[in-house]
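This briefing covers one protein chain and is grouped by topic. Sequence and structure come first, then the definitions and the findings.

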Amino acid sequence: MTFTKVVHTVFSSLRILWQPRQILSNYKLLPFFLTIVAVLAIAACNSNTPQLYRGQISSTAMRTDKLALARTPIKTKVVSHALGEVEIPLKPQRVVVLEENLILDSVLALGVKPVGVMSCRGCEENFRGIPSNLLADIPVVGNIGSQPSLEKILSLKPDLILGLTWLKSSYKLLSSIAPTVLIDFPSMYDFKERLRYVAQVLGKSDRAEELLTQYQNRIQKLRQQLGKNLETRTISVIHLTGSADIFYSYRPDFLAYNQIISDVGLRLIQKTQKEPQLTLSIEVLPKYDADMLFIMTELLKKKFKKANSEPLSFLQKPIWSTLQAVKNKQIYKVNWTVGGPIGANRIIDDLFKYLVKN
C-alpha cells in the first residue's frame, strides 16, 4: 500500500472515532483505538493480508526471507451485502466471525472452522444454540454488545470477516484488515435463506443444499411419527425476561424455532401474531396457554439462573398454576436459539423428545 493510502486509512479511522455520535460510546477506548490505528498503518505497508481488486486475480505478498518476497495468486469474487459490494477470496481460508449464533452456526455447519469468534457474555451459553466444545480452541475476539478487539483480529490475519450490521460503525476499520461482509438480520431472518447466503459467500453452496435436505428429511420423519397429534395438539412458546410480570412473544415466522414448528405443521398459539415482538404482562398469560408450553430463558440475566431444573421455580404468582399446560405437567424449559442447522437439529431433537417419546 502507498504512503498516501496509509495516511488516508489513519485519518479515516480517527474521523470515525471522533464523530459526535461515537464519543460517548468510544471515549474509554481512545488509547486502544489510537494503538490500533498505528498498527493498521504499519500493517497496511507490511501486510500478509491479500489486497483484492475487482475483476482481477489478486496476489498477497508473503515474506519468505529478509531479502525476497514471493507472490501467490488468489482468485476472487464480488458479493453483495448489507453495505454494498465487496471483493472476497473465492474460497476464504481464514474467517473471523464477529457473531455467536446467527452466522456462526451456519459457518460451522458448512464445515468451516473460524480462526476467531465473538461470544455472548451474560447468556446461558457462550455461543447460543451451539455446543461450546465445537469452539473450544478458537480465539475469542470480543463479546456481543461491545466492540471487537481490532488488535486481536489483525493478529489472526483473516482473509474474510463476517458480522451483522450492528458493526457498521466499525466497517471501515474492519475492511482495512480484511474484506468484510455484514448481514442485516431483519432483512434475512429466515435461517434457511441465511444458510444459503453464508454458503454462497464461503463457496459452500452444495453443502448447504445437503444440510437442508437432511433437515427436510428429519421434519418429514417427525410429522409421520406425530400423526394425528399434528391436528389436535397445540403448543405455545414464550420468553421469560427475568421479571415475574413480563414475558415476550414472537411472530411465527420471525425466529427460527417458529419457522421449524411451522415446517412440522404443529398448531402454534402465536400463529396469528403480526408484530415481530410483543412485550406482554403476566395478566394476559392465559391467552398464550396451550396443551404444551415451552419456556425460553435465554434472555434471563445470570442472577436469575437456577441450578434447579424446574423452569418456573422462581415464579410464584398464582396465575401460573391456572395454566392447562402446568396442570398437565406439559411445561418445558428449552434453549431454542437457532442460527442455522446445528440449532435447528437441537429443536427437532426436543420435539421428538417431548411430543413423540412422551
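A pocket is defined on a 1 Å grid over the protein atoms alone, as an open set of points with protein on both sides within 12 Å along at least five of seven lines, whereas a cavity is a set of points where a 1.4 Å probe fits but cannot get out; lining residues have an atom within 4 Å of a point. Grid points are joined across faces, edges and corners, and a volume is the space filled by probe spheres set on the points.

The model is predicted: local features need pLDDT of at least 70, side-chain atom pairs count only at pLDDT 80 or more, and totals for chains, interfaces and linings use all residues. Residues are numbered from 1 along each chain as its sequence is written, and side-chain values use heavy atoms, with hydrogens and water left out.

**Overall**

- The chain holds 12 helices and 15 strands, where helices (H or I, at least four residues) and strands (E, at least two) are DSSP runs numbered from the N terminus.
- Of the 358 residues in the chain, 49% are buried; buried means under 20% relative accessible area, exposed over 50%, and partly exposed in between (1.4 Å probe, protein chains only).
- Among contacts (heavy atoms within 4.5 Å) between residues at least 6 apart in sequence, 64% join residues at least 24 apart.

**Second largest pocket**

- The second largest pocket has a volume of about 480 Å³.
- Its lining has 25 residues, and the closest to the pocket centre are Asn101, Leu102, Arg128, Phe185 and Leu255.
- By class, the lining divides into 16 nonpolar, 4 polar and 5 charged residues; Ala, Val, Leu, Ile, Met, Phe, Trp, Tyr, Cys and Pro count as nonpolar, Asp, Glu, Lys and Arg as charged, and the others, Gly among them, as polar.

- In strand β10 (residues 234-240), 7 of 7 residues are buried.
- One side of β10 carries Thr234, Ser236, Ile238 and Leu240 and the other Ile235, Val237 and His239, so that both faces are covered.
- Strands pair if DSSP finds at least two bridges between them.
- β10 runs parallel to β14 (residues 292-296), with 5 bridges, and Ile235 stands opposite Met292.
- β10 also runs parallel to β12 (residues 267-268), with 2 bridges; here the bridge partner of Ile235 is Leu268.
- β11 (residues 246-250) is antiparallel to β10 and joined to it by 2 bridges, with Phe247 as the bridge partner of Leu240.

**Nonpolar cores**

- A nonpolar core is a set of buried Ala, Val, Leu, Ile, Met, Phe, Trp, Tyr and Cys residues joined through side-chain atoms within 4.5 Å.
- In soluble globular proteins, nonpolar side chains tend to be buried together.
- The largest core has 83 residues, and Phe294 and Trp336 touch the most other members.
- A second, separate core of 13 residues includes Ile238, Leu280, Leu323 and Ile331.
- Beyond neighbours within four places in sequence, Phe294 is in contact with Ile235, Ser236, Val237, Ile238, Tyr332, Val334, Trp336, Tyr354 and Leu355.

**Helix α10**

- Helix α10 (residues 256-264) is largely enclosed by the rest of the structure, because 7 of its 9 residues are buried.
- The buried residues are Ala256, Tyr257, Asn258, Gln259, Ile260, Ile261 and Val264.

- Lys157 is not a glycine, yet has a positive phi of about 50°.
- Lys157 lies in the loop between α5 (150-155) and β8 (160-164) and is partly exposed, at 46% relative accessible area.
- Lys329 also has a positive phi, near 55°, without being glycine.
- The loop that holds Lys329 is between α11 (324-327) and β15 (331-334), and Lys329 is exposed at 68% relative accessibility.
- Gln330 is found in the loop between α11 and β15 and is partly exposed at 22%.
- Outside four places in sequence, Gln330 is in contact with Asp291, Met292, Leu293 and Ala325.
- Gln330 and Tyr354 are 24 residues apart in sequence, with 8.6 Å between their C-alpha atoms.

**Gln200**

- Gln200 lies in helix α7 (residues 191-202) and is partly exposed, with a relative accessible area of 42%.
- Not counting residues up to four places away in sequence, Gln200 touches Lys77 and Ser205.
- Gln200 and Lys91 are 109 residues apart along the chain, and their C-alpha atoms are separated by 9.7 Å.
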